Structure formats: C-alpha cells, structure tokens
Amino acid sequence: MKRIALLGMPNTGKSTLFNRITGGAARVGNWPGITVELLSGKILLGGDMVEIIDLPGIYDLHGFSDDEQVVRHFLHDNVPDLALVILNATQIERQMSLLLQLKQLNMNAVVLLNMADEAKKYGISVDSRKMSELLGMPIFLLSGKYGTGYPEAMQAVTKALRYPTPGMAELLRSQLEQDEHIEAEMARVMKHAVQIPAQLPENLTEKLDHVMLHPWLGLPIFFFIMYLLFQGVFLLGQPLQAGVAEMLTWLREVALEPALSGLPAMLNGLLLDGVYNGVATVAAFVPLIVLFFLFMAMVEDSGYLSRAAFLMDVLMARLGLDGRGFVMLLMGFGCNVPALMGTRVMRSRAMRLLTMLVIPFSLCSARLQVFVFITAALFSPNAAPVVLFSLYLFSFAAAILTALLFKSKFQNSEPFVLELPPYRFPTTRQIVMRGWQEIQHFLRRATKFIIAGVVLVWLLTNLPPSATPASSDTLAGIIGSLLHPIFAPLGINEQLTIALIFGFVAKEIVIGSLAVIYGLSGEALGGALGQQLDWVQGYSFMLFTLIYTPCLSAIATLRSESKNLGYTLFSIGWSLTLAWLASFAFYQGARALGY
Amino acid sequence: MPSTNLTMPSTTLATLQPGEFATIAAIHADKALHQRLLALGFRSGKQVELIRKAIFSGPLQVRIGTTDILLRRSEAAKIMVCKT
Ligand SMILES: Nc1nc2c(ncn2[C@@H]2O[C@H](COP(=O)(O)OP(=O)(O)O)[C@@H](O)[C@H]2O)c(=O)[nH]1
Ligand SMILES: [Mg+2]
C-alpha cells in the first residue's frame, strides 16, 4: 500500500488536515505539541487504498526532543511514497526553512500552504504558482479548517502519488553551509512569491492579549476563567447527570426488573444490583463528561494554553519546571494520559521526569465525576461548586509541593522558547468531533474496566454466599476491616475503602462500586452517602481520591514514557504517601477544630 | 554562527523595552537551542520587536515577522541585537 506522510512544524494544521482527509479523529489543538505520536488512517485515492500518517510537528530535521525523534525514526524506517509538507501560510517566511531541508531529502512531495483564511485576513498574499516554479515543487494554498482549496490540492496529491519517492538521500550533514544556502534560497522565494504587509493590522489577538496578558491582571483573569469554567461544568453538568441517573433507574423499574424476575436470585442480583446499578451510575456521567470536554476543546483550541504558559512560567521556573509543564497540568484536567505523553516536547530528561511526576495530581475528568457526585450529595447547592473548585486548588498544591520537594533530584537547564499562536475558535465540526471522541473513549474504558470492576465489587460484597450481603462477613467486609487501621485515621469507612481499592484501576469505578456496595443508584445513593458521612469525612475521602494515583492506564503510561520501573514505583509510592498525609492532616485538623 | 555586526554597539534581546525594535546580530547558544531558535525565525539580520515582559522577571514576548515567540530572559540574553 502506498503511504503518505504529513510533515510540518508544530501547530500548522497537520492533524486538522488529517481529519479532513481520512475522516479520522486526530486530536487538534492550538498548541504546538498536541500530536506526539504517529496516527494512521486509510482512504481510497485514485482507485487505490492509501495510508495517511499524521506525525508530530518538527521544527527541523535535526530536532532533539522525543517527539521530533519519532518523526526522524519514522522517515528513516519508512520512506513515504509522498510527503505532504504543510506550512502555515501566515508564517511562510520562517517555515520555509523546513521545506528547503525536506526538499534536500529528495522526497516526492506536495506542499500545502495551510491557513489561507488567516493569511488573507492579515493581508499576506502568496503567489503559489510562482513559488512552485521557483522551487520546482507542486504548491497549493488551502484552508484545512474550512476546506477552501482542498479539492484542488487532493487532485494534485493523487497525481503525485503516481511518481513515488525515488529513494532517500542521506540526511543533511554540514548544517552551517546548508543553512546559509537555505537562507539565500528563502530570500529568493520570498521576494518573488510572497507579500507581507510591513505592519500587520492590529487584530483581535493583540487586543485580547492586552487584557489576558496584562502584567497584573493576567493571573487573576486566568483563575477567574478557570473558576467560571468549573462552575459552569458543575451547574450545567450536575443536573444533567442527576436527570440521566433518574431515567436509568426508571428504566430498571419498568423494564429490567419485570424482565429478569424469572432468574435465580443470585444471578438476578448480579445483573441488576451489580452490573446494571454500577454501569448505569457511571453512564449517567456521560453528558457531564461531554460537556466538560466541549469546554476543554474550546480552551485548547483558543490558543489560551500558550498564554497560560507565559503567565505561569516564572512560578514554574522556581519549581524546576517551565510554562509548558503548567500547560500539561491543565491538559491533565481532561485525562492524565495524553498529558504525560505531551511531555515528549521536552528535551531535557530530568525536566520531563519531574513534569511527569506532578501530572498525576492533575484532577482529571474521571475524578471530576467522583467529586461532582459527592459534593452534590454532601454540600448545599451553593457550596458545592466552591468545594469542587477548592479541589482543583488542592490539585495544584499537590503538584507544586511535589515539584518543590524533588526538584533538586531532577535538575535541568532546559531552555524555554515557545511559539505564541493567535487566538482561534473551533468550528462546530471540531467541537462535535471532540465530543464524539470523548464518548468513544469513555465507552472503551467502560467496557474494559468498569463492567469487570463492578462485577468484582458485587462478588466481593456478596460472597461467601453464607454471609449477609455487604456485611462484615463478606470478602469486602474482611478486606475493609484489614485495612481499617490505615483508613480509620482519615475518616474513611470500610465501604469507601473498597471503592478506593477499585478506584486504583479507574476512577470511574469509584461511584459505580459505591452504587453496588450500597445497592442503590443515583439520587438514592447520594442520599445514603449524605446520611452516613459528614462533610469532613466526605472531603477527606475526596482528597485521598484526588491524590492517591490517577488510574492504571496512567501508571502504564508513566512506565512506558519513563522506561524506568523504579521511577514508576517511586511515583506511585509518593502519591500514596502524600494522599494519606494530606487526608490525615485535613481530617484530624478539622476534627481538632471541632467540625 | 552568524557574525556580529561591528558597525553598531550591540546589546542583548533581554535588555529591550516593550515597543522597541532591534536587528538580530548574533546568537550565542548551544547547538540544540540555536537550531530551535533558527526554526522559530531568529536569524541574524532579522528585525525583532519586543512586545511585552511578564512580571517578576518572567518570560518575554517577541515578534519576528508574523511569528510571536515566548522566551525566558536567560535565553534572550544569548541573542545579541542592535537597536534600531
Ligand atoms: N484559521 C485556520 N486555523 C487552522 C487551519 N488548520 C488548522 N487550524 C487550527 O490550527 C491549530 C493547530 O491545528 P492542528 O491540526 O492541531 O495542528 P498540528 O499541530 O500541525 O497537527 C488548531 O487550533 C486548528 O483549529 C486553517 O486552515 N485555518
Ligand atoms: Mg497534530
């Protein structure tokens, strides 16, 4: 099968174009370093099946960071039949250096000048015909986001695929000489084919940045935006979650209970109280998760992440990290796994490891489910969103403390140089796509972990058959009482302890397993928790859940990204220790103060 | 490495004030950083504008052509410029 690779600098729209070509679901974001892995898709082009590969961005062919190496290795091992070189048309002046480097590899290539819409807005005009002539390569102007110019470009791609790459020249050697050559060549092409206005008109980005990056207001605005977002997620998402939960309970009563009433009691219990209660409780969070990721998509695509890096870099530098590390923490709010992988853009291994040590404290969307449920059950409607926000602050605090304690072990002198893209707004298509991706991701996890998890919880709370379900004679009761000495000082009871054990695998299971343990779902479960726990116990439980480790997938990622078992174990051990200490300090402190 | 412009007194990018323009004269960075800077558009002879500085000696925002770049003052100090 013929193979087409997408090559270009970070944030030039490669993944956007990949999605358009393949109908695929590569993650898109206005931040250099969203894509750190290969992603491939197949399409029918000119009568043949063709494989398209989305690659991480590269600044040049000799890059030193891990994500750039992914690309270099790929090119070494699999010479593509066609390289689609993607440049940002508004930055053509700068990005042409990569094009010229690639040109020297003598690959079969088609050049796409992306973001034609933005170039037009800035008054930059590119004569692609003339440029083609000067460089001797097919060059097209298009907008991957809005689709203009796309059909013509794809025609050219189909045509070019008939003349596959003749074989790859040795990688460039004497860098300096060639760079001089490249500079002359760049100047020639720029002069004849590109016109850039001397002074760009003051645009929306600059106006917004006057406020967003204001020396004194920048940080307060940042925290205010965060506060509004989480408040929004809670106020819109919590009722949605409760509504869906109610619907699912209703479904159980009117349809499932009558349908399954003929089954033996044990099996009936396993299916209804185990699988259905557990899964339904978790599934009720789907709308909340989608809503959360729609917000997340907007933030990621807006370009605000780079602004956050600018605002927070000073503080992060004190912690041995940099602004990008902060952005990874923010991305971790969605899911820790891609955030951990996102650290590949860092060249210094020490900084990468330190960043990966703090990312697991980032309050991911799975933990958010637990907290939304418990805060709604234990706090008044006015207090709940504030309590939720306080957990985000604790999440930062745990990360900061960890970095402070261990920065001397991970000393580094990684330079901080980062592109600041303009503000952009996602199209409806991009937003819908992101929501859909997250539902799929959720369903995959659900089938993998959640069903198995809740079944296991049900068995633990119902076996041996002689024991009264959920009593202290069941397996769960025995495990709970074994661990009681560890968790009692934190105000965490035996039922919650069982939920925590399963939460180690995935946080989605925590509420699901509570549903199974209490044999209740939805509002009834919330009510039971509210009866049994006071707010100090509830908060202590949430603190522990926040800190003690994200999930098995995150641990696996930590291991594969660090390639170091000792480091991975250290990370887990430290998280568990910190979780215990934080909950202990909170619980005993609050009790000592008389709460 | 690009040669220093000898006709004008040069200073470093880190000393510019917001709104000031300068021409890049030389880059004194190790190879890896030098390459990254080149790819981001830092080449001798190019004009650069300092857009803003973060408080507490935080990073700088500079503009070269149509690209905006954030960098720390320590990195900016490795870039020699002539004020224009
Ligand atoms: N205005 C505009 N924005 C685009 C276009 N193509 C991509 N983008 C945006 O540019 C950013 C980077 O896109 P992405 O596909 O993640 O780039 P990659 O890093 O090269 O894969 C995202 O915010 C996209 O929405 C385009 O043609 N026009
Ligand atoms: Mg990408």
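Me: Two strands count as paired if DSSP finds at least two bridges between them, and strands themselves are DSSP runs (E, at least two residues), as helices are (H or I, at least four), numbered from the N terminus. What makes strand 9 of chain A and strand 5 of chain B a pair?

Reply: In this predicted model, where local features need pLDDT of at least 70, side-chain atom pairs count only at pLDDT 80 or more, and totals for chains, interfaces and linings use all residues, three bridges join strand 9 of chain A to strand 5 (residues 67-71) of chain B, and the two run antiparallel. Because at least two bridges are required, the three found here qualify the strands as a pair. Residues are numbered from 1 along each chain as its sequence is written, chains are lettered from A and ligands numbered from 1 in the order in which they are written, and side-chain values use heavy atoms, with hydrogens and water left out.

Me: Why is strand 9 of chain A called an edge strand?

Reply: Seven strands form an open, antiparallel sheet in the order 9(A)-5(B)-4(B)-3(B)-2(B)-6(B)-1(B). Strand 9 of chain A and strand 1 (11-12) of chain B are the edge strands, each pairing on one side only. Within that sheet, strand 2 (residues 21-27) and strand 6 (residues 79-83) of chain B are joined by five bridges, with B:K83 as the partner of B:A22.

Me: What makes the meeting of A:D313 and B:R72 a salt bridge?

Reply: The term asks for a side-chain nitrogen of Lys or Arg within 4 Å of a carboxyl oxygen of Asp or Glu. The N to O distance between A:D313 and B:R72 is 2.8 Å, and therefore the pair meets the rule. Across the interface of chain A and chain B the rule finds four salt bridges.

Me: How many residues of each chain are in contact across the interface?

Reply: With contact taken as heavy atoms within 4.5 Å, 42 residues of chain A are in contact with 31 residues of chain B.

Me: How do you know which side-chain atom of A:T16 is in polar contact with ligand 1, and what is the distance?

Reply: A polar contact is a pair of N or O atoms within 3.5 Å; within protein, one must be able to donate a hydrogen and the other to accept it, and residues adjacent in sequence count only if both atoms are side-chain atoms. An N or O atom in the side chain of A:T16 is 2.6 Å from an oxygen atom of ligand 1, so the pair falls within the limit. A polar side-chain atom of A:Q430 lies 3.0 Å from a ligand 1 oxygen.
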